[in-house]
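Dear colleague,

I am handing over the structure below, and my notes on what was found in it follow directly after.

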Amino acid sequence: MRVLVTGGAGFLGSHLCDALLAEGHSVVCADNLLTGRMANLEHLLDEARFEFVELDVCRGFDVGKVEYVFHFASPASPVDYLHHGIETLQVGSVGTLNCLELARKHHARFLLASTSECYGDPKEHPQKESYWGHVNPVGPRSVYDEAKRFAEAATMAYHRTHHVDTRIVRIFNTYGPRLQINDGRVISNFMKQALRGEPLTVYGDGLQTRSFCFVSDEIEGILALSRVSEHLPVNIGNPREFTVLECAQMVLQVTGSESTVVFEPLPVDDPKQRKPDITKARTLLGWEPKIELRRGLELSLEYFRGAVASRDW
Ligand code: NAD
Ligand code: UDP
């Protein structure tokens, strides 16, 4: 197949390009480099089946006939989407409509990268796909949460109205090599701080929870979903839940760092708990994550060491 990956210069998009090329497909990667980096694609630039096009998916565009559209373009870390609030709303709305229109025109299948943020600060725990969420529509995170909720609605509308063959993956916190060192996410911050011997900045009391999925598990789950005919959202994430403090301790152990921990204010509307119910993915896809947090951090260490040393941030 010839497939389009929007946001392919980003963390997840670049791993997805790798995986699709490894499966024998031709990949067109479209990215405006807002939060992504060409460094994530350097190893692919001589590959004949790979094409990079610098473009903003919010503007009308076409890349020729494609058979699958993987729509991953969007700022994703709280620091990035707070900084690029309007761009985040645009890419979730206009950008998603443009990508859906492209899929309709070429009779291509379509997969939307959605997010656990659709559940907001959840009142149901763990989160099943049937939960409608608890989202502040006017808080600082709303630029991302509501953009992704709109993107899901748009995807379902194109499926129902135009019969586009769509899928929606709700991705839970994913980490690994190529996670942008300066994007402010908890794993990138803690790894950077630990490796530089600086204090780890724990927001709030550190008792809020997240469930961290290693990137190879996440990509495997997304590809498994891309092959089945399920149009409603599917959670892909690791159901093992950690407090942020436990995560800090694990980063200190894996890096061997003697950094201390300092407490800083909790960001507004920071979800108190997050853990996917992955029964649907297990049943539908026979998928489950294999790599536990400690192992995933060990597998990421070399990348973070290099990124900290390069000072390219
Ligand atoms: P990232 O910031 O590394 O990658 C996003 C990419 O999208 C970047 O390369 C950026 O330049 C590009 N982009 C942004 N706006 C664009 C536009 N208008 N036109 C073209 N390209 C544009 O983030 P990521 O972690 O790789 O996230 C990828 C996708 O997965 C996002 O849609 C995000 O919402 C979703 N997601 C990620 C996570 C996670 O833990 N990493 C969790 C939930 C959902
Ligand atoms: N966090 C933290 N210290 C940091 C960065 C993040 O304690 O330096 C916390 C943040 O408040 C949240 C969790 O870690 O509770 C995950 O934050 P992240 O930005 O990675 O993603 P989120 O899940 O909030 O989108």
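A backbone N or O atom of L33 lies 3.5 Å from an oxygen atom of ligand 1, and for F11 the corresponding distance, again from a backbone N or O atom to a ligand oxygen, is 2.9 Å. On the side-chain side, an N or O atom of D56 is 2.8 Å from a nitrogen atom of ligand 1. Taken alone, ligand 1 exposes 820 Å², of which the protein buries 97% (accessible areas by the Shrake-Rupley method with a 1.4 Å probe).

Please keep in mind that this is a predicted model, in which local features need pLDDT of at least 70 and side-chain atom pairs count only at pLDDT 80 or more, while totals for chains, interfaces and linings use all residues. Residues are numbered from 1 along each chain as its sequence is written, chains are lettered from A and ligands numbered from 1 in the order in which they are written, and side-chain values use heavy atoms, with hydrogens and water left out.

Around ligand 1 there are 30 residues, the closest being L12, D31, T35, Y144 and K148 (a residue counts if one of its heavy atoms lies within 4 Å). The largest share of this shell, three residues, comes from β5 (strands are DSSP runs of E, at least two residues, numbered from the N terminus).

Turning to T174, this residue lies in strand β7, residues 174-175, and it counts as buried because its relative accessibility is 9% (buried means under 20% relative accessible area, with a 1.4 Å probe and protein chains only). Its side chain makes a polar contact with the side chain of E218 at 3.1 Å (a pair of N or O atoms within 3.5 Å, one able to donate a hydrogen and the other to accept it).

Best regards

How values were computed. Helix = DSSP H or I, 4+ residues; strand = E, 2+ residues; numbered from the N terminus. Buried < 20%, exposed > 50% of the residue type's maximum accessible area, 1.4 Å probe, protein only.
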